[in-house]
Amino acid sequence: MKIEWLEAFQITAETKSLTKSSELLHMSQPALSKQIRNLEIDLGASLFIRSSTGVRLTQAGEILLKSSKNILKEVNSVRKEINLSQGIGDITIGSWPSIATSYLPYKFAKHKFNDQFRVKISHSFLELLSGLEKGLIDVALFDDREIKHSYYSKFLFSERFFLFINANHPIYANQTSISFHEIKDESFVVLPSTCDARMLVDKEFASKGSTLKVASEIEFGQSILGFVEANLGMSILPEIFIQNSSENVKAIEIQDFNISRHVSLIANDEAIGNKLVSMLR
């Protein structure tokens, strides 16, 4: 049994289509069919029932699919561990846009990352966890304190939240700090509800007997800063956004707003996680 046969089988089982699978694997459909046929010969059983609408698993295929995920995960883990012994290797990092913009590049430059790596941007911790589960990413960076999962997790850094306003805001522009009571009834331009930062803000409002009023919900933090700069709203965002805000945007400390985002590195493999944590702290 060859690993590429098993990978071809798993993707075909998930897509239920030889055409889609061949596109994802960047190979011709006859080549894909040959790999699956080789696997069927090796196992002595048919794995798919083929029809004009696609393919579906046989009983033998169902049995193999349950095990193939663990087999491929273990193989990938061994590959990563060998790569780690030679350096960082081929690593894919899942991250919020703000961390990918204002944190990762400086850490990579500081430690002279010359190894191959990829960064996949996400706007949802659900998407990041799904990426880990499917092996699409090796590590993810987000605040996982309120999220149940079984992956390796290690704290990286924490940051406070600030009120972001237009520098010429008619009420708050001249203030260096502001109380929560003053802004609790304002409406805000916010990140999506599946973003860790948004979840923390919602929770803090609720703990104070208030509800976060949403004027607009935008996926990109940089776009939110654009709205603030154009004087089209205000926002409560983590400290990391200060680095990317213009002179027309002012960040003000919020008194009695006792939350902070604790960004952790979440990894499929502990060895990879430990190696990256030592470089990203």
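User: Quick one to start: is E253 buried, partly exposed or exposed?
Analyst: In this predicted model, E253 counts as partly exposed, at 37% relative accessibility.

User: And which residue does E253 meet in a salt bridge?
Analyst: The side chain of E253 meets that of R160, with an N to O distance of 3.9 Å. E253 lies in strand 11 (residues 249-255) and R160 in strand 6, so the pair ties together parts that are 93 residues apart in sequence. R160 is likewise partly exposed, at 41% relative accessibility.

User: How many salt bridges turn up in the whole structure?
Analyst: The search of the whole structure finds twelve salt bridges. One of them joins K203 to E146, where the closest N and O atoms are 2.9 Å apart. K203 belongs to helix 9 and E146 to the loop between strand 5 and strand 6 (152-166), so this pair links parts that are 57 residues apart in sequence. K203 is partly exposed, with a relative accessible area of 46%, while E146 is exposed, with a relative accessible area of 51%.

User: What about D202 and R198, how far apart are they in helix 9?
Analyst: D202 and R198 are four residues apart in helix 9, which separates them by about one helical turn. Their side chains meet in a salt bridge, 3.0 Å from N to O. D202 is partly exposed, with a relative accessible area of 29%, whereas R198 is buried, at 10%.

User: Which residues lie nearest the centre of the largest pocket?
Analyst: Q10, N76, K134, G135 and L136 lie nearest the centre of the largest pocket, among the 34 residues that line it. The pocket has a volume of about 1100 Å³. Helix 4 gives the largest share of the lining, ten residues, and helix 1 (3-15), strand 4 (117-121) and helix 7 (125-134) are among the elements that each supply at least two. The lining has nine nonpolar, eleven polar and 14 charged residues.

User: Last topic, strand 3: how many of its residues are buried?
Analyst: Strand 3 (residues 91-95) is mostly covered, with five of its five residues buried. In a regular strand, side chains alternate between the two faces of the sheet. Here both faces are covered, with I91, I93 and S95 buried on one side and T92 and G94 on the other.

User: Which strands does strand 3 pair with?
Analyst: Strand 3 pairs with strand 4 in the parallel sense over five bridges, and G94 has K120 as its bridge partner there. Strand 3 also runs parallel to strand 5 (residues 139-142), joined by three bridges, with S95 standing opposite L141.

Key. Residues are numbered from 1 along each chain as its sequence is written. This is a predicted model: local features need pLDDT of at least 70, side-chain atom pairs count only at pLDDT 80 or more; totals for chains, interfaces and linings use all residues. Side-chain values use heavy atoms; hydrogens and water are left out. On a 1 Å grid over the protein atoms alone, a cavity is a set of points where a 1.4 Å probe fits but cannot get out, and a pocket is an open set with protein on both sides within 12 Å along at least five of seven lines; lining residues have an atom within 4 Å of a point. Grid points are joined across faces, edges and corners, and a volume is the space filled by probe spheres set on the points. Ala, Val, Leu, Ile, Met, Phe, Trp, Tyr, Cys and Pro count as nonpolar, Asp, Glu, Lys and Arg as charged, and the others, Gly among them, as polar. Buried means under 20% relative accessible area, exposed over 50%, partly exposed in between (1.4 Å probe, protein chains only). Two strands pair if DSSP finds at least two bridges between them. A salt bridge is a side-chain nitrogen of Lys or Arg within 4 Å of a carboxyl oxygen of Asp or Glu.
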